[in-house]
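Please examine the structure shown below.

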Amino acid sequence: MNKPLIPVTEAISQIAEAMSLTATEPVRLADANGRILAEDTFAILNNPPADQSAMDGFAIRGDDLNSIPIKLRLIGESAAGAPWPHKLEQGTAIRISTGANMPEGADSIIIQENTRLIPDHDNADYVDILEAVERGKFIRRKGQDFSKDDLLIGAGTTLDGRMIGLLAAGGHETLIVRQKPVIAIASTGSELVEPGQQSYDTLNPAQIISSNTIMIAHMVSDMGASAVTLPPIADQDGALDLALAQISEADLLILTGGASVGKHDLVSAKMKDKDSLTFWRIAMRPGKPMIFGQIETASGLTTFLGLPGNPVSSGVCTLIFVRAAINAMLGRVSALTPRKAVLATAVPENDEREEYMRGTVSHDSKLGQDIFTPLISQDSGKLMDFAHANALMIRPAHSAEMAEGTLVDVIILNHD
Ligand code: AMP
Ligand code: MG
C-alpha cells in the first residue's frame with residue numbers, strides 16, 4: 001500500500017528541526033556581503049560623535065538674535081574634521097560646514113543663504129544675519145543616528161551593502177557570521193553526462209546532460225551555502241557506495257534522481273533498509289518522492305536529502321526544502337514570504353497536492369496590482385519554462401477552481 005502524502009509544511013519543519021547551526025567565524029567588512037550575522041551587533045560608537053551642523057552656514061548663539069538683521073563678529077571656523085576649539089562669546093559667530101562640530105556656546109545654525117558677509121569676501125570680519133532661525137534647527141545631535149550600545153543589526157540577518165555601511169559607521173571592522181554550510185550535490189542516472197564531459201556530437205540519443213547538479217549548486221550558493229559537486233552516479237550496484245565514500249565534511253548531501261519506485265531507482269532501493277532515512281511522499285507538485293535522513297559517508301553520518309530527478313522538481317524542491325535546511329543551519333530569520341498577485345487566467349480545481357505553478361508576474365500600473373500568468377504547460381521536465389519563469393504560484397491542495405482575478409500567493413524567483 002502507498003504511504004500517505006505528507007504536507008509540504010510538515011516536511012519543511014522536520015527538515016529545519018533536523019539541521020544544526022553552523023559554527024561562527026569572523027569576516028572583514030569587505031567580505032561580509034550576503035553573509036548571515038551570527039550575533040546581535042551593537043554600536044561601539046555614537047553617530048554623530050558630537051553635536052554637528054547639518055548645513056553649511058554660521059554657528060551662533062540664539063540669544064544674539066534679538067533683532068533681524070543683526071551683525072555678528074566672525075571669529076573663526078569649524079570644518080568637518082577640524083573643530084573650532086573655543087567658546088562662542090556673545091555677539092560672535094563662526095563659519096561652520098556640514099558635519100563640523102558645534103562649538104561650545106553655540107546653539108543655532110544660520111544657513112549660508114540667509115547671511116551676507118561684510119566685507120563681501122572670504123576674509124570677512126562680520127556676518128549679517130538676515131533671517132532668524134529656530135534654536136537647534138540644522139543641528140544633528142550627538143547619537144541622533146544611533147548611540148553607543150544601540151542594537152544595529154540583529155542575529156540572523158543577511159547582510160547587504162546598506163547594513164554593512166551601518167555596521168562600519170558603528171565602529172565594526174570584523175563581524176561574526178555563520179560559517180557557510182557545505183552542501184555536497186550529485187545527480188544519479190546512467191543517462192547523465194556532465195556538461196563538457198564528452199564531445200556533444202558523440203552523445204547517443206539515450207544520453208542527456210546532467211543539469212541538476214550545476215543548477216542546484218548555484219541555487220544553494222545564492223542561498224548562502226557553499227556547494228561541492230560530484231560527477232553523475234550511474235544506476236549500477238556499487239556506484240552509489242563509491243560516491244558516498246568520496247564525500248566528507250558536508251553539512252548536507254543532496255542526491256537527485258532515483259528517489260522513486262522505478263526498477264532503476266537505486267537510491268531508494270539501496271537505502272530502503274536504512275532506518276536512518278525517511279521516505280516521503282510529499283503532497284506537492286512537482287516533487288512528490290523525497291528521501292530525508294542520515295546516511296553514511298566518508299566522514300560518518302551525513303544529513304541527506306534525496307530529490308526527484310526531473311529538473312523542475314529538483315529545482316522547486318531546492319527552493320522550498322533545501323532553502324529551509326540552509327536557513328536553519330544559518331539561523332537566518334527571514335522566511336520565504338509569498339506575495340499576493342492577481343490571477344490572469346482561470347485555474348481548475350486542485351487535487352491533494354499543493355502545486356508550485358511556474359509563470360510570470362508583471363505589474364499592471366493601471367490596476368496598481370501584480371498579475372500572475374501561469375504557463376500553459378506545467379510539465380516538470382520543462383527546464384526552458386522553469387528558467388524563464390519569474391514566479392511560482394502556490395496553488396493550495398484541494399483548492400476549488402480559481403477564476404481570473406482571484407488573489408493568489410506567489411513566490412518571486414528573481415528580483416532584478
Ligand atoms: P528519476 O527521478 O531518476 O526517475 O529521473 C526523472 C527524470 O529526470 C528522468 O527523465 C531523468 O532523465 C531526468 N533527470 C534525472 N537527473 C537529471 C539531471 N541531473 N539533469 C537532468 N535531468 C535529469
Ligand atoms: Mg533516474
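The shell around ligand 1 is made up of 4 nonpolar, 8 polar and 2 charged residues; here Ala, Val, Leu, Ile, Met, Phe, Trp, Tyr, Cys and Pro count as nonpolar, Asp, Glu, Lys and Arg as charged, and the others, Gly among them, as polar. This is a predicted model, in which local features need pLDDT of at least 70, side-chain atom pairs count only at pLDDT 80 or more, and totals for chains, interfaces and linings use all residues. Residues are numbered from 1 along each chain as its sequence is written, chains are lettered from A and ligands numbered from 1 in the order in which they are written, and side-chain values use heavy atoms, with hydrogens and water left out.

Ser187, Glu191, Ser210, Gly258 and Gly309 come nearest of the 14 residues around ligand 1, a residue being near if one of its heavy atoms lies within 4 Å. Polar contacts (pairs of N or O atoms within 3.5 Å) can also be located. An N or O atom in the side chain of serine 210 is 3.0 Å from a nitrogen atom of ligand 1. A polar side-chain atom of asparagine 212 lies 3.3 Å from a nitrogen atom of the ligand.

The chain is divided into domain 1 (8-22 + 180-330), domain 2 (24-47 + 150-178), domain 3 (52-140) and domain 4 (339-412), with bounds from an automatic or database domain assignment. Between domain 1 and domain 4, the C-alpha centres lie 27 Å apart. In contact (heavy atoms within 4.5 Å) are 18 residues of domain 1 and 17 residues of domain 4.

Finally, the largest cavity is lined by Thr188, Ile233, Ala234, Asp235, Leu240, Leu266 and Val267. A cavity is a set of points on a 1 Å grid over the protein atoms alone where a 1.4 Å probe fits but cannot get out, and lining residues have an atom within 4 Å of a point.

Terms used
On a 1 Å grid over the protein atoms alone, a cavity is a set of points where a 1.4 Å probe fits but cannot get out, and a pocket is an open set with protein on both sides within 12 Å along at least five of seven lines; lining residues have an atom within 4 Å of a point. A polar contact is a pair of N or O atoms within 3.5 Å; within protein, one must be able to donate a hydrogen and the other to accept it, and residues adjacent in sequence count only if both atoms are side-chain atoms.
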